[in-house]
Amino acid sequence: MALNLKDKIEKQLSKDVQKTLKDCSENADLFGFKIYLIGGIVRDLFLEKEIFDIDVTVEGNAIDFCHKLADKKICKILQVQDKLNTAKVVFDKNIEIDFASTRQEFYPRHGHLPVAVRFGCTLQEDVYRRDFTINSLAISLNKNNFGEVIDYVDGIKDLKNKTLKVLHDNSFVEDPSRIIRGLKFAARFNLHRDEHTKLLQEKYQNIQLHKDISWTRIKNEIKQAFSLDNPKVFDMFLTNGIEKIFYANKPDIKGLEIKTLIEKYQPDFPWLVYLGCILDDKEIIDAFCFTRTEKKVFADKDTLLSANLSMLNSNYHIYKFFQKKSIESVLIYYLLTKRKEALIYLEKLSKIRVELNGEDLKNLGITNGKKIGEMLDKILKKKLTGTIVKKADEIKFVKTQIK
Ligand code: ATP
């Protein structure tokens with residue numbers, strides 16, 4: 001008998017989400033559509049993990065189905081993507097669901113985005129475009145078999161055995177971002193990769209001929225994986241040779257070391273600290289299409305790593321060395337070099353500020369712009385050596401200097 005996850009739906013999804021799914025179910029029957037929960041939500045229901053997104057696949061045209069729901073005022077359509085035949089829809093109580101039409105995909109260039117070649121195919125045909133067996137499960141939402149798991153790829157067996165398995169031998173060649181996804185899932189759900197999947201991954205990583213791939217896709221996956229801030233993800237990346245994908249050397253760093261620093265110094269983009277430790281190929285950094293702030297992390301890291309260290313012989317020089325560099329880059333620099341000056345800066349020096357400003361110095365009698373700059377720098381030097389602490393001391397110091 002087919003496995004039915006109705007009880008898990010009742011246990012794990014809120015009453016409001018259940019009501020929304022029931023509404024979809026009734027209307028799917030009414031309008032003659034077959035609809036299914038698909039992918040991550042099925043996996044997470046089975047594993048009894050937290051559910052983040054609700055993805056529904058419609059055997060046929062998802063946009064048509066959503067319009068029919070919207071016409072009956074059951075939902076509002078937020079966004080339609082004609083190219084992919086998908087719709088994002090919001091229901092009562094702000095419940096959002098992504099609807100996709102079943103589709104088959106084709107990879108005209110390995111490693112680049114696929115092209116949808118046929119919409120409205122059968123669920124079975126749709127399932128084969130997916131990444132892993134555990135992400136290729138569906139749950140029927142139609143009334144006659146509500147809750148029934150449709151498993152064309154033995155995904156339930158793999159979930160039970162905690163095995164991560166690709167659907168076919170070309171999987172990583174078609175889309176290497178699946179390697180990142182796989183390690184992310186393995187770390188998140190304590191899965192082991194089946195031997196053949198492991199071999200396929202190693203084979204792909206060892207060919208070293210994959211610079212021409214969609215790095216923005218890899219970036220998205222990496223960002224998600226490292227945003228989990230789970231040290232195991234980083235360790236798994238290194239034990240599985242992910243640095244090879246980035247044409248980088250294997251750094252001698254543990255995930256926990258990174259996480260501890262992140263917790264202590266709270267950078268805005270923790271995922272970039274993890275990534276910065278394994279990414280340094282200029283071409284790939286360009287291909288990642290980073291935002292300006294993200295780019296600055298890598299530019300700062302480069303500046304720090306290529307600087308002449310003999311000058312780091314006083315607090316003042318350490319301050320100047322790290323000043324205006326992003327916290328992420330200072331952390332990456334520390335992780336890669338273990339230079340204690342980086343921590344001295346973060347721990348102590350970065351908190352030191354000159355309290356007087358240009359206006360204050362003018363009021364104290366220094367009018368020349370260049371002289372103001374020089375005086376602020378002198379005060380800073382004094383503060384960094386600890387001979388000046390308070391604002392009153394700064395004023396006193398300026399007065400003695402003017403004399
Ligand atoms: P998460 O909880 O991390 O969001 P998820 O499985 O829902 O997990 P999504 O990135 O939202 O992850 O993808 C939804 C589904 O789309 C996946 O379960 C999988 O079936 C399919 N999918 C996503 N990315 C790929 C990919 N690169 N190749 C093949 N199938 C993919």
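**Salt bridges, a helix pair and a surface patch**

Let's start with a pair: the side chains of R130 and D126 meet in a salt bridge, 3.0 Å from N to O. By salt bridge I mean a side-chain nitrogen of Lys or Arg within 4 Å of a carboxyl oxygen of Asp or Glu. Side chains of opposite charge can pair when their charged atoms come close. Both R130 and D126 are buried. Buried means under 20% relative accessible area, exposed means over 50%, and partly exposed is in between, with a 1.4 Å probe and protein chains only.

A word on the model. It is predicted, so local features need pLDDT of at least 70 and side-chain atom pairs count only at pLDDT 80 or more, while totals for chains, interfaces and linings use all residues. Residues are numbered from 1 along each chain as its sequence is written, and side-chain values use heavy atoms, with hydrogens and water left out.

How many salt bridges does a search of the whole structure find? It finds 35. Here is another one. R217 and D175 meet through their side chains at 2.9 Å, N to O. R217 sits in helix 10, and D175 sits in the loop between helix 7 (171-174) and helix 8 (177-189), so this pair ties together parts 42 residues apart in sequence. Helices here are DSSP runs of H or I with at least four residues, strands are runs of E with at least two, and both are numbered from the N terminus. R217 is partly exposed because its relative accessible area is 25%. D175, at 5%, is buried.

Next pair. K383 and E394 form a salt bridge at 2.7 Å, N to O. K383 lies in helix 21 (residues 369-385) and E394 in helix 22 (residues 391-402), so the pair ties together parts 11 residues apart in sequence. K383 counts as buried, at 9% relative accessibility. E394 is buried too, at 0%. Salt bridges that share partners also build a network: R103, E105, D126, R129 and R130 are joined into one. Our opening pair, R130 and D126, belongs to it.

Back to helix 10. Two packed helices are described by the angle between their axes and the distance between the axes. Helix 10 (residues 215-227) packs with helix 11 (residues 231-239) at about 130°, with the axes 8 Å apart. Axes are lines fitted to C-alpha atoms, for helices over the stretch in contact, and angles run from 0 to 180 degrees between N-to-C directions. So helix 10 is oblique to helix 11. The cut-offs: under 35 degrees is roughly parallel, over 145 roughly antiparallel, 65 to 115 roughly perpendicular, and the rest oblique. Which residues of helix 10 make the contact? They are I222, A225 and F226, and they meet V233, F234 and F237 of helix 11. Contact means heavy atoms within 4.5 Å.

Now Q201. This residue is in helix 9 (residues 195-207). Is Q201 buried or exposed? Q201 is buried, because its relative accessibility is 3%. Leaving out residues up to four places away in sequence, Q201 touches F172, I179, L183, R193 and N240.

Compare K34, in strand 1 (residues 34-38). K34 is partly exposed, at 47%. With the sequence neighbours up to four places away left out, K34 touches T57, V58, E59 and N142. The C-alpha atoms of K34 and G373 are 72 Å apart, and 339 residues separate the two along the chain.

Last stop: F106, in strand 6 (residues 103-106). F106 is partly exposed, at 49% relative accessibility.
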